[in-house]
Amino acid sequence: MLEHDFGKRAPMVDFEAAGGVDVARLERSLGLSAEHVGDGRYRIVGGEHEHWVDLYSSSHPRCDCGDYLWRDRVCKHILAALMREGNERVIQAVGNLFAALKAAA
């Protein structure tokens with residue numbers, strides 16, 4: 001696990017290997033609710049099905065959804081949990097998404 005100066009663990013997400021934060025998944029994640037249920041564990045609701053995310057598994061975050069399991073991608077549920085954790089990369093991507101939508105309006 002990574003440690004910040006203030007001692008809080010950070011999820012091991014390799015956004016570079018994943019091609020960055022997927023904007024379409026990020027946009028869909030904004031409608032989800034992430035309920036914190038334990039250290040790095042979240043219950044994600046708001047879509048068709050409830051999902052469970054573990055941000056601090058042995059090597060990287062994981063989710064029980066098909067997008068993650070079959071495609072091995074950072075899914076919208078992981079993005080919702082990372083947003084709730086205040087992940088800098090995801091929050092910055094939300095800002096970029098908002099700016100792009102505002103410019104298009």
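Begin by selecting Asp22, Arg25, Asp67 and Arg71, which in this predicted model are linked in a network of salt bridges.

Centre the view next on arginine 25, which has its place in helix 1, residues 23-29. Its side chain meets that of aspartate 22 in a salt bridge, with 3.2 Å from N to O. Arginine 25 counts as buried because its relative accessibility is 12%, under the 20% cut-off, whereas aspartate 22, at 31%, counts as partly exposed. If you then display the surroundings of arginine 25, leaving aside residues up to four places away in sequence, you will find that it touches Asp67, Arg71, Arg73, Val74, Cys75, Lys76 and Leu79.

From that list, select Asp67 and Arg71. Both residues lie in helix 2, residues 66-71, where they are four residues apart, about one turn of the helix. Aspartate 67 forms a salt bridge with arginine 71, and the closest N and O atoms are 3.2 Å apart.

Finally, move to arginine 43 and glutamate 50, whose side chains meet in a salt bridge at 2.7 Å, N to O. Here arginine 43 is partly exposed, with a relative accessible area of 24%, and glutamate 50 counts as partly exposed at 39%. The bridges visited on this tour are among the seven salt bridges that the structure holds.

Conventions. Residues are numbered from 1 along each chain as its sequence is written. This is a predicted model: local features need pLDDT of at least 70, side-chain atom pairs count only at pLDDT 80 or more; totals for chains, interfaces and linings use all residues. Side-chain values use heavy atoms; hydrogens and water are left out. Helices (H or I, at least four residues) and strands (E, at least two) are DSSP runs, numbered from the N terminus. Buried means under 20% relative accessible area, exposed over 50%, partly exposed in between (1.4 Å probe, protein chains only). Contact means heavy atoms within 4.5 Å. A salt bridge is a side-chain nitrogen of Lys or Arg within 4 Å of a carboxyl oxygen of Asp or Glu.
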